[in-house]
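Let's take a friendly walk through this model, one topic at a time. Keep the viewer open as you read.

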Amino acid sequence: MGKKILFSILSLVIGAVVGLVGVVYFTLPLTDVLTVGETLYYTNAETTITSDPIAFTDGELSIHFPELGNKYTGDCTYIKYGDLDILIDCGSKTNSVSAVSAYLNQYVTDNTLEYVIVTHAHTDHYAGFTLTNGSIFDLYNCTNIIDFGSAYQTETKTLEKYISERDAELALNGTDGLTYSYYDASEITEGNNLKFYSEDNALEIEILYNEMAYNRATGNGSNSTSNNEYSVCTLITFNEEQHFLFTGDLEEEGEELLVQNNPSIQRENLSNGVDLYKAGHHGSKTSSNDCLLEQIRPQLVCVCCCAGSSEYTDTYDNQFPTQEFINRISAYTDAVYVTTLCVNWDTDEFTSMNGNIVAIFSSSADTRLVFSNNDTKLKDSEWFNSTRPDGEPMRVWPETSINNQT
């Protein structure tokens with residue numbers, strides 16, 4: 001069986017697929033708490049995957065935002081091109097491993113993730129890499145690992161566990177016939193971005209220079225008190241024309257420096273903007289600022305969050321995706337989609353919003369979008385157009401028309 005460890009699967013049932021009428025809510029029993037310095041959860045419940053895997057044709061690139069199987073906000077992006085498999089982050093909690101691995105197993109045919117990128121030292125992005133005998137590192141051969149390196153604020157026990165699991169994976173180098181490599185993104189200097197290519201050179205993965213992460217790692221220059229600003233940022237280019245940007249939880253100062261220091265995401269080098277942008281920091285008010293958006297002019301935006309969750313705040317305006325994020329992003333596109341919806345935080349109830357989101361790109365066809373729940377844009381969703389207990393609207397889409405800032 002090797003690294004294909006049998007791992008219990010988290011319950012994930014999509015009401016529309018099984019033919020139930022009305023809304024189906026998921027309740028997660030958060031049992032077996034691991035007290036290792038930060039609260040982590042896992043479950044031994046069974047999972048039912050109700051959506052069939054998507055069939056891709058030759059030359060198609062697919063970008064997936066799978067649901068994470070719980071009410072918590074976190075990031076996970078899976079990218080597939082031919083036999084090349086890329087994973088960016090795996091949150092939100094350790095129980096997300098079962099949901100994510102069940103999803104990945106529909107597409108990863110050789111048990112190998114050629115590129116694993118871990119953006120920064122927050123558990124909602126790396127919890128899935130921390131389990132003993134059950135982490136993403138245990139379940140798959142992760143042959144190229146790129147992470148935040150020494151750019152973090154505090155070394156918690158959970159972070160120590162991540163580093164231990166990562167280093168154990170790298171120690172496999174050569175023992176199973178595979179080569180394992182590690183890249184510390186905080187060591188990237190200006191003008192020397194890391195670049196990786198698919199065998200046919202149709203796909204370029206560029207790890208961008210993050211000035212504050214570099215300063216934090218080297219102890220030189222100004223940095224931040226927030227791990228968010230040390231996020232590993234990735235620009236993926238397909239067929240030299242289509243661009244996809246992933247910025248972790250980068251916030252305003254980091255976005256300003258990212259644009260200033262990286263010509264590849266400056267307006268003059270993105271003639272049509274980016275085809276897909278994963279909303280920074282789950283659609284928070286601190287990210288996806290105009291300094292970045294006016295350069296990348298996103299056409300399609302995916303938000304990895306549990307919409308309306310009070311996990312971080314009881315202030316409605318600051319719950320993901322925030323009104324300030326919507327105000328800014330609406331100037332460029334209304335094609336904004338969200339994975340999951342929080343129904344009732346106190347009773348652990350959550351359900352799919354768009355569900356698993358998959359965007360499929362090719363050089364000869366328009367973008368194809370596939371959702372496991374529905375294709376409703378955020379601005380048209382029931383949650384977006386609902387009211388709060390105080391009678392105020394949950395969110396408002398600005399009346400100004402979309403302007404691609406040409």
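## Strand β4 and its partners

Strands β4 and β5 run antiparallel and are joined by four bridges. Within this pairing, L61 stands opposite Y81 of β5. Please keep in mind throughout that this is a predicted model.

Strand β4 also pairs with β20: five bridges join the two, and they run antiparallel. Here F65 has I357 of β20 as its bridge partner. How many residues of β4 are buried? Five of the five are, so the strand is largely enclosed by the rest of the structure. In a regular strand, side chains alternate between the two faces of the sheet. For β4, both faces are covered: L61, I63 and F65 are buried on one side, and S62 and H64 are buried on the other.

## A covered helix

Next comes helix α2, which spans residues 96-104 and is mostly covered, with nine of its nine residues buried.

## Aromatic pairs

How many aromatic pairs does a search of the whole structure find? The search gives 18. One of them is formed by F137 and Y162, a tilted pair with 6.1 Å centre to centre and 40 degrees between the planes. F137 belongs to helix α4 and Y162 to helix α5 (residues 157-170), so this pair ties together parts that are 25 residues apart in sequence. Both F137 and Y162 are buried. These two residues also belong to one aromatic cluster, formed by Y126, F129, F137, F148, Y152 and Y162.

Now turn to Y183 and F196. Their ring centres are 5.0 Å apart and their planes are at 75 degrees, so the pair is edge-to-face. Because Y183 lies in strand β11 (residues 181-184) and F196 in strand β12 (residues 194-197), the pair ties together parts that are 13 residues apart in sequence. Are the two residues buried or partly exposed? Y183 is partly exposed, with a relative accessible area of 24%, whereas F196 counts as buried at 8% relative accessibility. The cut-off behind this is that buried means under 20% relative accessible area.

## Charges over rings

K71 lies over the face of W345, at 3.7 Å from the ring centre. R166 lies over the face of Y182, at 4.6 Å from the ring centre.

## The chain as a whole

Zooming out, the chain has nine helices and 21 strands. What share of its 406 residues counts as buried? The share is 58%. The accessible surface of the chain comes to about 16,200 Å², and 44% of this belongs to carbon and sulfur atoms.

Contacts in the chain can also be sorted by sequence separation. Among those between residues at least 6 apart in sequence, 70% join residues at least 24 apart.

Definitions and conventions: Residues numbered from 1 in each chain as written. Predicted model: local features only at pLDDT ≥ 70, side-chain atom pairs only at ≥ 80, totals over all residues. Heavy atoms only, no water. Buried < 20%, exposed > 50% of the residue type's maximum accessible area, 1.4 Å probe, protein only. Pairing = 2+ DSSP bridges. Phe/Tyr/Trp six-rings, centres within 6.5 Å; stacked < 30°, edge-to-face > 60°. Lys NZ or Arg CZ within 6 Å of the ring centre and 35° of its normal. Contact = heavy atoms within 4.5 Å. Areas by Shrake-Rupley, 256 points an atom, 1.4 Å probe, with all protein chains shown as cover.
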